[in-house]
Amino acid sequence: MANFCKKCGAPLNPTSKFCTKCGAQIADTQPQQVPVQPQRPIQQPIQQPYQQQYQPPYQAPAKSQSDNPMIIGLLVLVVVLLGGLVGYYLYSNTANDSQATYSKIEKQAPENSSGAEKEKPAAAPAGANLDELVREKDSIDTAIGELANRINSHLSNHSSFRGYDGLKNDAKAIIDRANSAKDRLNGMNAADNAKKEALMNLFSLEIDRAHGLYKGIVDNQNGGDYSLGFQQGTKASYAFDAANSTFNATYK
């Protein structure tokens, strides 16, 4: 194939480096061919198929049939012996508990019976201690009369009870004494209920008498008049004198 000068168009000699007509340098238009080395095919190693070594299946050793009856017999014998021991243990404990319980009851029976007899209160005779309470009623009556005389003596020398607590405390002590005697009488089983009721009324009137004296003193100590409390005590004294006269005439 002919080549031409790119500058003047004249035909070129394939071996010339310059154009013979215009002297222009001829460029090397032929591509250089690089020698290509042939590629060698990659050889992969040939894989051998995996072969598992053959193992025979596990076989349990055969048991001797002659040993089975002997083993079963030994197990039955052990169970029977254990059952016998447990039964004997339970029976022994039950017998011991029963004997201990019986002995305990037998020993405690006399004590319980005697204890019951000790706890049973002895019956008090009907009308017991009523005479003693009649004397207590008369003693309280005397104490109230003496307290009234001391109060009158105090008022003859003083205009009030302020600063004097002795008479007030004595009146409170008589009130407590009469209440105690009334409670004792209320718990008694009297042969004559009418006498008991009459004596109960007399103790109530004595409480009112002493309370009237106590109230008059306290009212005066608080800045008030003592006359109202003393009037209540005087009224209760008149009622007591009338009831006590009837009681003495009936039961003495």
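This is a predicted model: local features need pLDDT of at least 70, side-chain atom pairs count only at pLDDT 80 or more; totals for chains, interfaces and linings use all residues.
View 1. Ile 151 is buried, with a relative accessible area of 2% (buried means under 20% relative accessible area, computed with a 1.4 Å probe on protein chains only). This residue lies in helix H2, where helices are DSSP runs of H or I with at least four residues, numbered from the N terminus. Apart from neighbours within four places in sequence, Ile 151 is in contact with Phe 161, Leu 167, Leu 213, Ile 217 and Phe 230, contact meaning heavy atoms within 4.5 Å. Residues are numbered from 1 along each chain as its sequence is written, and side-chain values use heavy atoms, with hydrogens and water left out.

**View 2. Helix H2 against helix H3.** Helix H2 (residues 130-157) and helix H3 (residues 166-186) pack at an angle of about 165°, with their axes 10 Å apart; H2 is therefore roughly antiparallel to H3 (an angle over 145 degrees). Axes are lines fitted to C-alpha atoms, for helices over the stretch in contact, and angles run from 0 to 180 degrees between N-to-C directions. The crossing of H2 and H3 is left-handed, that is, the near helix is turned anticlockwise from the far one by less than a right angle. Among the residues that make the contact are Ile 140, Ile 144, Leu 147 and Ile 151 of H2, together with Leu 167, Ile 174 and Ala 178 of H3. By class, this contact of H2 with H3 has 13 nonpolar, two polar and six charged residues (Ala, Val, Leu, Ile, Met, Phe, Trp, Tyr, Cys and Pro count as nonpolar, Asp, Glu, Lys and Arg as charged, and the others, Gly among them, as polar).

**View 3. Helix H2 against helix H4.** The axes of H2 and helix H4 (residues 193-221) come within 11 Å and cross at roughly 20°, and the two helices are therefore roughly parallel to each other (an angle under 35 degrees). The crossing of H2 and H4 is left-handed, and the residues of their contact divide into 14 nonpolar, one polar and seven charged.

View 4. Over residues 101-116 pLDDT, the predictor's confidence in each residue from 0 to 100, stays under 50, and the model has zero contacts beyond four places in sequence for them.

Terms used
Angles under 35 degrees count as roughly parallel, over 145 as roughly antiparallel, 65 to 115 as roughly perpendicular and the rest as oblique. Buried means under 20% relative accessible area, exposed over 50%, partly exposed in between (1.4 Å probe, protein chains only).
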